[in-house]
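Hello,

Here is the structure I promised to pass on to you. Please open it and keep it beside this email while you read.

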Amino acid sequence: MFAINFEIIDKIVVANACKYDTSNTSNCFIFNLFYETSSNTRYHPEPSYFNFGFTAILGLILGLLFSYKLIWK
């Protein structure tokens, strides 16, 4: 899930990270939930702690479901 999140979804949602520091882009609630922009990264979006937790929990649930299906197949 981390690979899917950072290699595919991140590239789609944050296509051009530099547009967030050069323009006054208003972000929606979902974007602010999964990404944060701070002066530490020159206002480039970076994943939030919620994004890491959500990805880890979703990966754990999917891994358990797939392993359960494979074991009891």
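Below is what turned up in it, starting with confidence and ending with the pocket.

First, some ground rules: this is a predicted model, in which local features need pLDDT of at least 70 and side-chain atom pairs count only at pLDDT 80 or more, while totals for chains, interfaces and linings use all residues. Residues are numbered from 1 along each chain as its sequence is written, and side-chain values use heavy atoms, with hydrogens and water left out.

The mean pLDDT (the predictor's confidence in each residue, from 0 to 100) is 82 for the protein, and 90% of its residues reach 70 or more. Confidence is highest in helix H4 (residues 49–71), with a mean of 92, and lowest in helix H2 (residues 19–22), with a mean of 68. Helices here are DSSP runs of H or I, at least four residues long, numbered from the N terminus. Where pLDDT is low, the predicted coordinates should not be read in detail.

Next, the inside. The largest nonpolar core has 5 residues: Val14, Tyr20, Phe31, Phe34 and Tyr35. Such a core is a set of buried Ala, Val, Leu, Ile, Met, Phe, Trp, Tyr and Cys residues joined through side-chain atoms within 4.5 Å. In soluble globular proteins, nonpolar side chains tend to be buried together.

Phe50 is in helix H4 and, beyond its neighbours within four places, touches Leu33 and Phe34.

A polar atom of its side chain lies 2.7 Å from the backbone oxygen of Asn51. Leaving aside neighbours within four places, Thr55 touches Met1, Phe2 and Asn5.

Finally, the largest pocket has a volume of about 180 Å³, the space filled by probe spheres set on grid points joined across faces, edges and corners. A pocket is an open set of points on a 1 Å grid over the protein atoms alone, where a 1.4 Å probe fits, with protein on both sides within 12 Å along at least five of seven lines; lining residues have an atom within 4 Å of a point. Among the lining residues are Phe34, Asn51 and Thr55. H4 gives the most to this lining, with 4 residues.

Happy exploring!

Key
Buried < 20%, exposed > 50% of the residue type's maximum accessible area, 1.4 Å probe, protein only. Helix = DSSP H or I, 4+ residues; strand = E, 2+ residues; numbered from the N terminus. Polar contact = N/O pair within 3.5 Å; in protein donor to acceptor, adjacent residues only side chain to side chain. Contact = heavy atoms within 4.5 Å.
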